[in-house]
Amino acid sequence: MITVSHLTKDYGAVRAVDDLSFTVEPGKVTGFLGPNGAGKSTTLRMVLGLDRPTSGEALVAGRRCAGLAAPLHVVGALLDADAMHPGRTGRGHLRVAATTHGLPRRRVDEVLDRVGLAAAGQRRIKGYSLGMRQRLGIAAALLGDPEVLVFDEPVNGLDVDGVRWIRDLLRGFADEGRTVLVSSHLMSEMQLVADQVVVIGRGRLVADVSVAEMLRGLGGARVRVRTPDPDRLSVALAADADDVTRSGPDELEVTGLAAPAVGDRAHALGIAVHHLSDVEQSLERAYVQLTEGAAEYAGRTTTITATAGAAS
Ligand code: ADP
């Protein structure tokens with residue numbers, strides 16, 4: 001479990017993190033979302049004890065990380081995969097960390113195997129691809145078999161296979177009962193892997209909700225319909241739908257009416273329908289609504305955090 005309480009960090013005149021409070025629970029993947037510059041990395045560094053808060057505190061399993069003698073047993077972190085000595089081998093890199101934590105060499109081989117690097121362990125890191133360096137960083141995070149895992153933008157720059165691999169890994173850790181906090185600026189990615197999302201903007205909390213709840217906050221059904229007579233259908237639907245917008249020359253997007261209702265209405269009026277489908281609700285759209293709401297309600301973030309829908 002991670003507990004962040006009234007965490008604040010100033011860099012000179014810049015307030016990077018502003019009175020931020022949230023908890024991250026075990027058994028779930030929690031996405032830590034926000035645009036670039038929102039304060040995600042700064043928050044994660046304070047959680048890991050790598051940066052001192054200006055005020056407030058961050059606890060991992062009830063303890064501050066700064067000053068822990070063997071932090072790898074408490075929390076594993078993937079921060080910057082480029083911060084590795086390029087001349088070392090993958091196995092050598094892990095051995096250094098294992099030695100300082102009193103871990104056996106056997107453990108190095110176990111984690112190399114877990115991340116699919118067993119065959120590459122003897123090669124120098126400078127010859128590793130970005131995906132291999134990410135895997136090595138994750139292997140290092142796993143060394144002390146910690147209950148809490150923190151990943152900062154782990155899918156950045158990875159190919160499709162690498163992204164899928166990380167996704168399955170995160171899910172696996174959560175299913176093992178670990179606490180998994182993963183930052184990203186990619187909403188679409190988080191929709192696929194996260195159970196819960198903590199959204200921040202300009203260092204402040206915007207939302208702390210389950211993904212399901214965030215998507216529900218988008219409101220009712222959304223349907224796409226194509227017809228050679230969009231003007232007439234639009235007028236016919238306008239009375240009952242929450243919103244009807246023209247999304248193409250012969251296409252409408254309808255909010256607040258389900259597909260059968262749209263089809264039936266068109267049929268009753270003798271209007272031909274060439275295509276009718278549900279529009280998948282995306283976390284991306286929910287996020288845009290939420291952050292637009294956050295700007296509008298600036299200074300009232302505590303009311304917005306109650307439910308995602310309140311901001312829309
Ligand atoms: P994110 O990870 O969400 O992209 P960061 O935590 O990196 O955001 O940055 C938040 C804000 O703090 C930004 O305005 C950034 O410029 C500033 N910042 C981060 N680290 C430092 C630092 N070491 N010195 C000065 N400003 C910093």
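In the predicted model, helix H2 passes helix H4 in a right-handed crossing. The axes of H2 and H4, the latter formed by residues 130–142, come within 10 Å and cross at roughly 25 degrees; because angles under 35 degrees count as roughly parallel, H2 is described as roughly parallel to H4. On the H2 side the contact is made by Gly90, His93 and Leu94, and on the H4 side by Leu136, Ala139 and Ala140. Sorted by class, the residues of this contact comprise four nonpolar and two polar residues, with no charged residue among them.

Helix H2, which spans residues 90–100, also packs against helix H3, which spans residues 105–114, and here the angle is about 130 degrees with the axes 9 Å apart. This angle makes H2 oblique to H3, and the crossing of the two helices is right-handed. The contact draws on Arg91, Leu94, Arg95 and Ala98 of H2, which meet Arg105, Val108, Asp109, Val111 and Leu112 of H3. The residues of the contact between H2 and H3 divide into five nonpolar and four charged, with no polar residue. Leu94 is listed in the contact of H2 with H3 and is listed again in the contact of H2 with H4.

When residues up to four places away in sequence are set aside, Ala98 touches Leu103, Val108 and Leu143. Of these partners, Val108 belongs to the set of H3 residues that contact H2, whereas Leu143 is 45 residues from Ala98 in sequence, with a C-alpha to C-alpha separation of 6.9 Å. Arg106, which is found in helix H3, presents another setting, since a relative accessibility of 55% places Arg106 in the exposed class. The C-alpha atom of Arg106 is separated by 55 Å from that of Val223, a residue 117 positions away along the chain.

Helix H1, formed by residues 40–47, is mostly covered, with six of its eight residues buried. The buried residues are Lys40, Thr42, Thr43, Leu44, Met46 and Val47. For Thr42, the relative accessibility is 9%, and because buried means under 20% relative accessible area, Thr42 is assigned to the buried class. Beyond residues up to four places away in sequence, the contacts of Thr42 are with Lys9, Tyr11, Ala16 and Val17. Just after H1, the backbone at Gly49 takes a positive phi of about 75 degrees.

Positive phi values also occur at residues other than glycine. Asp19, although not a glycine, has a positive phi of about 55 degrees, and the residue is located in strand S2, which covers residues 14–24. With a relative accessible area of 40%, Asp19 is partly exposed. Arg202 likewise is not a glycine and has a positive phi of about 50 degrees, but the place of Arg202 is in the loop between strand S8 (196–201) and strand S9 (204–210). The relative accessible area of Arg202 is 76%, and this residue is accordingly classed as exposed.

Taken along the principal axes, the C-alpha atoms of the chain fill a box of roughly 75 × 45 × 35 Å. The chain has 312 residues, of which 48% count as buried. Among contacts between residues at least 6 apart in sequence, 68% join residues that are at least 24 apart.

Note on methods. Residues numbered from 1 in each chain as written. Predicted model: local features only at pLDDT ≥ 70, side-chain atom pairs only at ≥ 80, totals over all residues. Heavy atoms only, no water. Axes fitted to C-alpha atoms, helices over the stretch in contact; angles between N-to-C directions. Helix = DSSP H or I, 4+ residues; strand = E, 2+ residues; numbered from the N terminus. Parallel < 35°, antiparallel > 145°, perpendicular 65-115°, else oblique. Left-handed = near helix turned anticlockwise from the far one by under 90°. Contact = heavy atoms within 4.5 Å. Nonpolar A, V, L, I, M, F, W, Y, C, P; charged D, E, K, R; others polar. Buried < 20%, exposed > 50% of the residue type's maximum accessible area, 1.4 Å probe, protein only.
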